[in-house]
Amino acid sequence: METKVRIMETAFKLFLKKGFADVSLNEIIRESHITTGGFYYHFTSKDNLLVEVINKYIFNYFSSTIEQMKECKGTPKEKLKAVILLLVGDDSVINETTQLCESAEKIDYRTLHLLLFEGVQKYEIISEHYTKFYYNLVEFIEEVVKDGIAQGVVREDIDIKEVSLTIETLMVGTVLMWIGMPKISLQKRMESNMDQIWNSIKKT
């Protein structure tokens, strides 16, 4: 593994373990098995490293998730149930390897999202991309709902934008509850919640 990639991957794993603020530059250098000069050959500062790590391991993750959402197949109801599991993984893959790191080391999806919550509060660049992702998510939901109306399975009298925001809020809220109470199956909880909201918008 080339030195720059090793530094970035080491830093990302440390951030996952301890958070952005509690990882020192000296710790990154030590754990990467490089010299201080070796670090500054590739990065101008810890902040420069942070931005590159965020771009490579977090924003690329969001981008790939958005592309996967667009490729979702099935009925409108099945798409709505599947989309959030693309973001966090279903219960069978919660602790499986993500596409975020180049090594085979496993990364807990919950840990990733906890790191994101910290980053959103502390770093504008993370907040901007996080916000953009959720705008894209609600647009995707709107398209699914419109498709449901066109197929005759969703009521025509609903407010598409309002319903889509409600669905997104339900999705995000379900993930937050799962982060706090992981013993309860995310997939079962998400399916139950989506069944409830689907029953309120489906065409009878």
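A residue is called buried when its relative accessible area is under 20%, exposed when the value is over 50%, and partly exposed in between, with a 1.4 Å probe and protein chains only as cover. By this rule, 43% of the 204 residues of the chain are buried. The model is predicted, so local features need pLDDT of at least 70 and side-chain atom pairs count only at pLDDT 80 or more, while totals for chains, interfaces and linings use all residues. Residues are numbered from 1 along each chain as its sequence is written, and side-chain values use heavy atoms, with hydrogens and water left out.

**Figure 1. The chain as a whole.** The chain holds nine helices and zero strands; helices (H or I, at least four residues) and strands (E, at least two) are DSSP runs, numbered from the N terminus. Read from the N terminus, the order of elements is α-α-α-α-α-α-α-α-α. The accessible surface is about 10,700 Å², and 51% of this area belongs to carbon and sulfur atoms; such areas come from the Shrake-Rupley method with a 1.4 Å probe, and for residues only the protein chains shown count as cover. Contact means heavy atoms within 4.5 Å. Among contacts between residues at least 6 apart in sequence, 65% join residues at least 24 apart.

**Figure 2. Helices α1 and α4.** Helix α1 (residues 3-18) packs against helix α4 (residues 46-70) at an angle of about 85°, and their axes are 10 Å apart. The two helices are therefore roughly perpendicular. Axes are lines fitted to C-alpha atoms, for helices over the stretch in contact, and angles run from 0 to 180 degrees between N-to-C directions. Angles under 35 degrees count as roughly parallel, over 145 as roughly antiparallel, 65 to 115 as roughly perpendicular, and the rest as oblique. Residues of α1 in the contact include Ile7, Met8, Phe12 and Phe15, and those of α4 include Leu49, Leu50, Val53 and Tyr57. By class, this contact has eleven nonpolar, no polar and five charged residues. Here Ala, Val, Leu, Ile, Met, Phe, Trp, Tyr, Cys and Pro count as nonpolar, Asp, Glu, Lys and Arg as charged, and the others, Gly among them, as polar.

**Figure 3. Histidine 33 in a loop.** Histidine 33 lies in the loop between α2 (25-32) and α3 (36-42). Its phi is near 60°, a positive value in a residue other than glycine. Most residues other than glycine have a negative phi. Histidine 33 is exposed, with a relative accessible area of 68%.

**Figure 4. Helices α7 and α8.** The axes of helix α7 (residues 124-150) and α8 come within 9 Å and cross at roughly 125°. The pair is therefore oblique. The crossing of α7 with α8 is right-handed; a crossing is left-handed if the near helix is turned anticlockwise from the far one by less than a right angle, and right-handed if clockwise. Among the residues that meet are Tyr134, Leu137, Val138 and Ile141 in α7 and Ile160, Leu165, Ile167 and Met171 in α8. The contact divides into eleven nonpolar, one polar and four charged residues.

**Figure 5. Glutamate 156 between α7 and α8.** Glutamate 156 is in the loop that joins these helices. With 58% relative accessibility, glutamate 156 counts as exposed. Beyond residues up to four places away in sequence, glutamate 156 touches Ile149 and Lys203. Isoleucine 201 is 45 residues from glutamate 156 in sequence, and their C-alpha atoms are 8.9 Å apart.

**Figure 6. Helices α8 and α9.** Helix α8 (residues 160-180) and helix α9 (residues 186-201) have axes that come within 10 Å and cross at roughly 160°. Helix α8 is therefore roughly antiparallel to α9. In this pair too, the crossing is right-handed. Residues of α8 that take part include Val163, Ile167, Leu170 and Trp178, and they belong to a contact with α9 residues including Leu186, Met190, Met194 and Ile197. By class, the contact has twelve nonpolar, three polar and one charged residues.

Figure 7. Lysine 81 is placed in helix α5 (residues 76-88). Leaving out residues up to four places away in sequence, lysine 81 touches Met190, Glu191, Met194 and Asp195. Arginine 110 is placed in helix α6 (residues 109-122). Its contacts, apart from neighbours within four places in sequence, are Trp178, Ile179 and Pro182.
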